[in-house]
Amino acid sequence: MEIRKPEQLQNVTSLIIPGGESTTMAKLAEFHNLFPALREFVQMGKPVWGTCAGLIFLANKAIGQKTGGQELVGGLDCTVHRNYFGSQIQSFEAELTVPELACKEGGPETFRGVFIRAPAILEVGPGVDVLAECPVPSTNVLYSSSAVQIQEENSVPEEKVIVAIKQRNLLGTAFHPELTADTRWHSYFLKMASEAGEATSGSIVPAGGVDLSSYDGKPRIDLPIFQ
């Protein structure tokens, strides 16, 4: 089910906010008065997964924004850098170590992350679980306190930047799992939705239209769209 108006959120019990152009998405959300409804949805403890631009939406703080900034939904206690890895032509793929995902969903301990003009998570609060990190060259390390790019070669050793986190009912990934054949992140989120449904002792139908009351753990989801 596609969510375009605030009242449509009353018909779903979980939500995916996908990638896209976060500034445009924010302007559309503001135009359709979606922000209050989205914040209420998050605060009610309903599962929400933000990928790429969706991650930016869910962050409590974002830097590297365009002039004037953009409104955020918030909920994830983290600081996100909007275009950490550069422009569209600097998009890339990388093998990510994902022990938590492998533990919960099986399969290899790595996941092929597809990063498209991607953000990155610079800092997280004490209640946030880090699910994946991505190695970055020492000259591309950004710190939220100064947001200054290091120019000198070998000025610091190779660092890792956070690219996937979870905090209570919220999941955030800087990359695009839907562009791979590996569906473990989708299964992981469906189980978050299932657990939320069990907590409220009710049958749960998330935004993708999958009734999880009889969910057997096998991934089967049509990725819903927030616009």
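# Exercises on Contacts and Burial

The side chains of Arg117 and Glu21 make a polar contact with each other at 3.4 Å; a polar contact is a pair of N or O atoms within 3.5 Å, within protein one able to donate a hydrogen and the other to accept it, and residues adjacent in sequence count only if both atoms are side-chain atoms. The model is predicted, so local features need pLDDT of at least 70 and side-chain atom pairs pLDDT 80 or more, while totals for chains, interfaces and linings use all residues. Residues are numbered from 1 along each chain as its sequence is written, and side-chain values use heavy atoms, without hydrogens or water.

## Exercise 1. The annotated binding site

Task: State at which residues UniProt places the feature "binding site", and explain why they can be said to gather at one spot.

Solution.

Step 1. An unreviewed UniProt entry gives this feature at Gly20, Glu21, Ser22, Arg82, Ile116 and Arg117; such annotations may be inferred rather than shown by experiment, feature names are shortened, and positions follow the numbering used here.

Step 2. These residues span 98 residues in sequence, yet no two of their C-alpha atoms are more than 12.7 Å apart, so they gather at one spot.

## Exercise 2. Arg82 and Arg117

Task: Determine where Arg82 is placed and where Arg117 is found, whether each is buried or exposed, and which residues Arg117 is in contact with.

Solution.

Step 1. Arg82 sits in the loop between β4 (76–81) and β5 (92–97), whereas Arg117 belongs to the loop between β6 (110–115) and β7 (120–124). Strands (E, at least two residues) and helices (H or I, at least four) are DSSP runs, numbered from the N terminus.

Step 2. With a relative accessible area of 3%, Arg82 is buried. Arg117 is partly exposed at 28% relative accessibility. The cut-offs are under 20% for buried and over 50% for exposed, with partly exposed in between (1.4 Å probe, protein chains only).

Step 3. Apart from neighbours within four places in sequence, Arg117 is in contact (heavy atoms within 4.5 Å) with Glu21, Cys52, Arg82, Asn83, Gly86, Ser87, Gln88 and Ser91.

Step 4. The side chain of Arg82, for its part, makes a polar contact with that of Ser22 at 3.1 Å.

## Exercise 3. Salt bridges

Task: Say how many salt bridges the whole structure holds, and describe the pairs of Arg4, Lys104 and Glu105.

Solution.

Step 1. The search of the whole structure finds nine salt bridges, each a side-chain nitrogen of Lys or Arg within 4 Å of a carboxyl oxygen of Asp or Glu. Side chains of opposite charge can pair when their charged atoms come close.

Step 2. Arg4 pairs with Glu2, with 2.4 Å between the closest N and O atoms. Arg4 is partly exposed at 40%, and Glu2 is partly exposed at 35%.

Step 3. Lys104 is bridged to Glu100, the closest N and O atoms being 3.0 Å apart. Both residues lie in helix α4 (residues 99–105), four residues apart, about one turn of the helix. Lys104 is partly exposed at 48%, as is Glu100 at 28%.

Step 4. Glu105 and Lys191 form a salt bridge of 3.2 Å, N to O. This pair links distant parts of the chain, with Glu105 in helix α4 and Lys191 in helix α5 (residues 184–199), 86 residues apart. Glu105 is buried at 19%, and Lys191 is partly exposed at 29%.

Step 5. Salt bridges with shared partners also join Glu21, Arg82 and Arg117 into one network.

## Exercise 4. Helix α2 and its surroundings

Task: List the buried residues of helix α2, explain why they line one face, and name elements that cover them.

Solution.

Step 1. Helix α2 (residues 35–43) has Phe35, Ala37, Leu38, Phe41 and Val42 as its buried residues.

Step 2. Viewed down the axis of α2, these residues fall within an arc of 165 degrees, so they line one face of the helix; the arc is that of the directions from the helix axis to the C-beta atoms.

Step 3. The covering elements include β1, α1 (22–31), β2 (48–51), α3 (53–58) and β10 (170–173).

Step 4. Leu15 lies in strand β1 (residues 15–17) and is buried at 2%. The C-alpha atoms of Leu15 and Pro47 are separated by 6.5 Å, although the two residues are 32 apart along the chain.

Step 5. Just after α2, Gly45 has a positive phi of about 85 degrees.

## Exercise 5. Cysteines

Task: State how many disulfides the structure holds, and whether Cys78 and Cys134 are buried or exposed.

Solution.

Step 1. The structure holds zero disulfides, that is, pairs of cysteine sulfur atoms within 2.5 Å.

Step 2. Cys78 is buried at 5%, and Cys134 is buried at 2%.
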